Amino acid sequence: MTIMIFLFAATVVALLAIGVVGRLAAGPTVPDRAVALDTMNTFVISLMMVFAAVYDSVVMVDIAIVYAALSFVGTMFFARFIEGEV
Amino acid sequence: MFIIVGILILIGLAFNLLGAISLYRFPDVYTRLHGATKCTTFGTLFTMFAVVAYALGRLVMTGEARFGVLIIHSAIAAFVLLITNATGAHALARAAHRSGILPARAVVDRLEEYDEIRAKREGAQA
């Protein structure tokens with residue numbers, strides 16, 4: 001029964017991650033797109049945490065940690081690129 | 001366990017939804033960054049709390065060690081997420097200001113003036 005809550009949460013978060021694509025495509029400036037990509041990465045981390053509970057696998061949480069670190073590196077690289085230092 | 005996990009998941013989903021809406025309803029990049037980062041960080045944190053509550057309930061019921069491992073790794077993930085999201089948002093806002101983007105309906109840029117004054121003062125000292 002609790003699994004159904006997590007499946008519902010996974011569906012909603014996946015739809016939100018897809019819904020952010022609109023800002024990613026239509027953002028007027030480059031930082032807008034970077035913000036949309038950052039938000040999407042956070043939604044994917046949330047989705048991985050929910051799937052870890054659904055499938056009872058700790059590996060999903062480890063992947064979520066590595067994904068968070070890699071998305072941080074990507075965001076910092078985008079920031080440096082927008083600043084014009086790369 | 002059902003009720004606690006349901007409440008935590010509902011809080012997390014509500015804040016994630018607000019973060020996604022704020023990307024579309026705010027006028028410029030700074031307010032979008034503010035709404036999206038804060039709301040999605042808080043919502044994802046509560047999703048992690050729901051997973052921790054679920055694993056704690058299963059740990060008490062079954063006594064298997066892998067649910068304890070799930071709790072510890074979820075805490076590490078929450079820690080990493082709290083640090084990286086705040087730092088990334090700060091770096092993006094700084095980059096947006098340095099590339100010359102002003103907030104919507106802005107008429108003055110006090111931060112730019114302050115930077116010029118400070119650069120002049122440091123130049124005089126050197």
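Reader: How many of the 126 residues of chain B count as buried, and what makes a residue buried?
Author: In this predicted model, 40% of the 126 residues of chain B count as buried. A residue is given that label if 20 or more other C-beta atoms, placed from the backbone, lie within 10 Å of its own, whereas 12 or fewer make it exposed and the values in between make it partly exposed.

Reader: What should I know about the numbering and the confidence limits?
Author: Residues are numbered from 1 along each chain as its sequence is written, and chains are lettered from A and ligands numbered from 1 in the order in which they are written. As the model is predicted, local features need pLDDT of at least 70 and side-chain atom pairs count only at pLDDT 80 or more, while totals for chains, interfaces and linings use all residues.

Reader: What is chain B built from, and how do you know where an element counts as a helix?
Author: Chain B has 4 helices and 0 strands, in the order α-α-α-α from the N terminus. Helices are DSSP runs of H or I with at least four residues and strands are runs of E with at least two, both numbered from the N terminus.

Reader: Why is α1(B) called roughly antiparallel to α2(B)?
Author: Two packed helices are described by the angle between their axes and the distance between the axes. Here helix α1 (residues 2–25) and helix α2 (residues 29–62) of chain B pack at about 165°, with axes 7 Å apart, the axes being lines fitted to C-alpha atoms over the stretch in contact and the angles running from 0 to 180 degrees between N-to-C directions. Angles over 145 degrees count as roughly antiparallel, under 35 as roughly parallel, 65 to 115 as roughly perpendicular and the rest as oblique, so α1(B) is roughly antiparallel to α2(B).

Reader: Which classes of residue make up the contact of α1(B) with α2(B)?
Author: The contact of α1(B) with α2(B) has 17 nonpolar, 9 polar and 1 charged residues. Ala, Val, Leu, Ile, Met, Phe, Trp, Tyr, Cys and Pro count as nonpolar, Asp, Glu, Lys and Arg as charged, and the others, Gly among them, as polar.

Reader: How many residues of chain B are in contact with chain A, and what makes two residues a contact?
Author: On the side of chain B, 44 residues are in contact with 40 residues of chain A, where a contact requires the C-beta atoms, placed from the backbone, to lie within 7 Å. Helices α1, α2 and α3 (65–98) of chain B each supply at least two residues of that side, and α3(B) gives the most, with 19 residues. By class, the side of chain B that touches chain A divides into 26 nonpolar, 14 polar and 4 charged residues.

Reader: What makes α3(A) roughly parallel to α2(B)?
Author: The axes of helix α3 (residues 30–55) of chain A and α2(B) come within 9 Å and cross at roughly 5°, and that angle makes the two helices roughly parallel. Among the residues of this contact are V35(A) and M49(A) of α3(A), together with L33(B) and M48(B) of α2(B). The contact of α3(A) with α2(B) divides into 14 nonpolar, 7 polar and 2 charged residues.

Reader: Why is α1(A) called roughly parallel to α1(B)?
Author: Helix α1 (residues 2–19) of chain A and α1(B) pack at about 5°, with their axes 10 Å apart, and this angle makes α1(A) roughly parallel to α1(B). The contact of α1(A) with α1(B) has 11 nonpolar, 4 polar and no charged residues.

Reader: Is D56(A) buried, exposed or partly exposed, and how do you know?
Author: D56(A), in the loop between α3 and α4 (59–83) of chain A, has 15 C-beta neighbours inside 10 Å and therefore counts as partly exposed. D56(A) also has a positive phi of about 55° although it is not a glycine.

Reader: Is R105(B) buried or exposed?
Author: R105(B) has 7 other C-beta atoms within 10 Å, so R105(B) is exposed. R105(B) is found in the loop between α3 and α4 (110–125) of chain B, and its phi is near 60°, a positive value in a residue other than glycine.
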